[in-house]
Amino acid sequence: MAERAARHCCLGWDFSTQQVKVVAVDAELSVFYEDSVHFDRDLVEFGTQGGVHVHKDGLTVTSPVLMWVQALDIILEKMKASGFDFSQVLALSGAGQQHGSVYWKTGASQVLTSLSPDLPLREQLQACFSISNCPVWMDSSTAAQCRQLEAAVGGAQALSRLTGSRAYERFTGNQIAKIYQQNPEAYSHTERISLVSSFAASVFLGSYSPVDYSDGSGMNLLQIQDKVWSQACLGACAPRLEEKLGRPVPSCSIVGAISSYFVQRYGFPPECKVVAFTGDNPASLAGMRLEEGDIAVSLGTSDTLFLWLQEPTPALEGHIFCNPVDPQHYMALLCFNGSLMREKIRDESASGSWSKFSKALQSTEMGNGGNLGFYFDVMEITPEIIGRHRFSAENHEVSAFPQDVEIRALIEGQFMAKKIHAEALGYRVMPKTKILATGGASHNRDLLQVLADVFGAPVYVIDTANSACVGSAYRAFHGLAAGTDMPFAEIVKLAPNPRLVATPTPGASQVYEALLQRYAMLEQRILSQTRGPPE
Ligand SMILES: Nc1ncnc2c1ncn2[C@@H]1O[C@H](COP(=O)(O)OP(=O)(O)O)[C@@H](O)[C@H]1O
Ligand SMILES: O=C(CO)[C@@H](O)[C@H](O)COP(=O)(O)O
């Protein structure tokens, strides 16, 4: 058999809600290997749906930490079986679903540093966690802790100025506060708290990895301008929290060399560097190489919309994070529920088939004959609305739509909400605006056509929908150049340009101008009905 040519590369990982994914990117920035392990399908023994367990209260949402560990075992074994040459890996980095937290039990660091290469990780790490089911970003059970945190720092606006966001239920500080209040024993037996991103980095390092500034901005604990933990926030959440979190680091830091476990078991070179892992949205920003004026839309388990910002402008809606590739800058992010609702409507109205779902989008007209819908089976994040609400062209609430109309109402509604809330943050579509789409649903061209029509801007994709993985591999290359002051844009200048996949249909702006106004008005109507009169 011909010898495979050596191909130096960096690996990019993504520990997202529904799967663990990896890509290998070579020195010319070409992706030459991609793999994934899907939690529901490949790890059925954990019994997750969409990668999570929704608890009886409908608010608490967790994922088993050992499922993530075992997924890593499986994907590495798959790579080995395919003949992947680990000896060529110069560096690796990765991403994690944001806000989720992992609780390492006292003594776990000892286990991490002395893993035997003869055994899988799952067998050796199973006693290492004081909480086996980790709170994840879909959890909305910490309203009480959010109010406590805001009160402690002088209100929602003050917290937003400090940490980039008002208190959000899914943000890690509030989740830690709940664990401390409801399970103080487990909290006191915890020696380290990681984000999903820094947990994954810790496994590769064989010791605790610090949290990076960008993912750390999703905790309601980090002062985003000073890049230090806020003592007021730490104190409001739980005692001795600073020592359990460790010191945060710039996102492009090399946090160490890979653990000898991976060298001996898989053949990584001992000098392979681990670059700080970050959140999946910050990693996607890196993978999509955003430019000023562009807007990125990630259509994954969650839908997110993000922008590069020079200056932070924290508000009561949306989030400001430290920028993952430029320590002087920031990014804005809005988060919405995404694919799980699309899948539900696909199952109900398109017999579970994406191609029938697409046909419904093709056979219905822009503007849907004036029919509008809001579909939130679980509490929406931006804004907080629950339930399904359908309106006729005359703004009368109706109980059902024909199947095709239902599908278009869902997709137009999801995209109109994104445009309205991005504009509330000050974003404006400009003549040179590009929309960069990524995530699993960006495979669907009919869906991207609606996105182009609603926003009135062209939609582009990069060659893989896994921008968080690709961005992680790019960040690993950037980490290798640390110390040379090489800007990230210089590192990725050879990367393939995004491809145009949809341009606005003529007449779209007239149709959606009116519809957007109605959507915003109806959204306010639903909000005032569900929230009741102002206090
Ligand atoms: N053709 C398609 N049309 C619409 N959605 C799709 C299509 N193919 C996959 N998806 C959606 O992509 C989702 C997974 O997206 P992905 O970005 O990989 O998720 P995550 O990174 O959050 O685990 C699936 O839940 C599925 O609903
Ligand atoms: O909560 C947020 C962002 O604030 C989510 O975007 C999570 O980061 C989950 O990401 P996916 O698994 O959907 O990519």
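I'm working on a predicted model, where local features need pLDDT of at least 70, side-chain atom pairs count only at pLDDT 80 or more, and totals for chains, interfaces and linings use all residues. Residues are numbered from 1 along each chain as its sequence is written, chains are lettered from A and ligands numbered from 1 in the order in which they are written, and side-chain values use heavy atoms, with hydrogens and water left out.

**Ligand 2.** Helix 14 (280-288), strand 16 (302-309) and strand 18 (330-337) each give two or more residues to its shell; helices (H or I, at least four residues) and strands (E, at least two) are DSSP runs, numbered from the N terminus. I find 14 residues around ligand 2, the closest being Thr17, His99, Arg170, Asp280 and Ser302, where near means a heavy atom within 4 Å.

Next I looked up polar contacts (pairs of N or O atoms within 3.5 Å). Arginine 170 puts a polar side-chain atom 2.8 Å from an oxygen of ligand 2. The asparagine 281 side chain has an N or O atom 3.0 Å from a ligand 2 oxygen, and for a polar backbone atom of threonine 301 I get 3.4 Å. The protein covers 95% of the 380 Å² of accessible area that ligand 2 has on its own (Shrake-Rupley, 1.4 Å probe).

**Ligand 1.** There are 14 residues around ligand 1, and the closest are Ser16, Lys21, Thr301, Glu343 and Gly440. Strand 2 (19-26) and helix 15 (339-349) each supply at least two residues of the shell. In the side chain of serine 16, an N or O atom is 2.8 Å from a ligand 1 oxygen; for the side chain of glutamine 19 I noted 2.9 Å. Glycine 440 comes in through a backbone N or O atom, 2.9 Å from an oxygen of ligand 1. Here the protein covers 82% of the 590 Å² of accessible area that ligand 1 has on its own.

Helix 19 (residues 467-480) has 13 of its 14 residues buried. It reaches 20 Å from first C-alpha to last, close to the 20 Å expected (1.5 Å times one less than the number of residues). Helix 7 (residues 172-182) has 8 of 11 residues buried, so it is largely enclosed by the rest of the structure.

Cysteine 322, in strand 17 (residues 319-322), is buried at 2% relative accessibility. Its C-alpha is 8.5 Å from that of lysine 227, 95 residues apart in sequence.

Most residues other than glycine have a negative phi, and most peptide bonds are trans. Which peptide bond is cis? I found the one from threonine 382 to proline 383, with omega near -10°. Proline 383 lies in the loop between strand 19 (372-376) and strand 20 (387-391).

Arginine 289 has a positive phi of about 50°; this residue is in the loop between helix 14 and strand 15 (295-299) and is partly exposed at 21%. Asparagine 395 has phi near 65°, in the loop between strand 20 and strand 21 (397-398).

Note on methods
Buried means under 20% relative accessible area, exposed over 50%, partly exposed in between (1.4 Å probe, protein chains only). A polar contact is a pair of N or O atoms within 3.5 Å; within protein, one must be able to donate a hydrogen and the other to accept it, and residues adjacent in sequence count only if both atoms are side-chain atoms.
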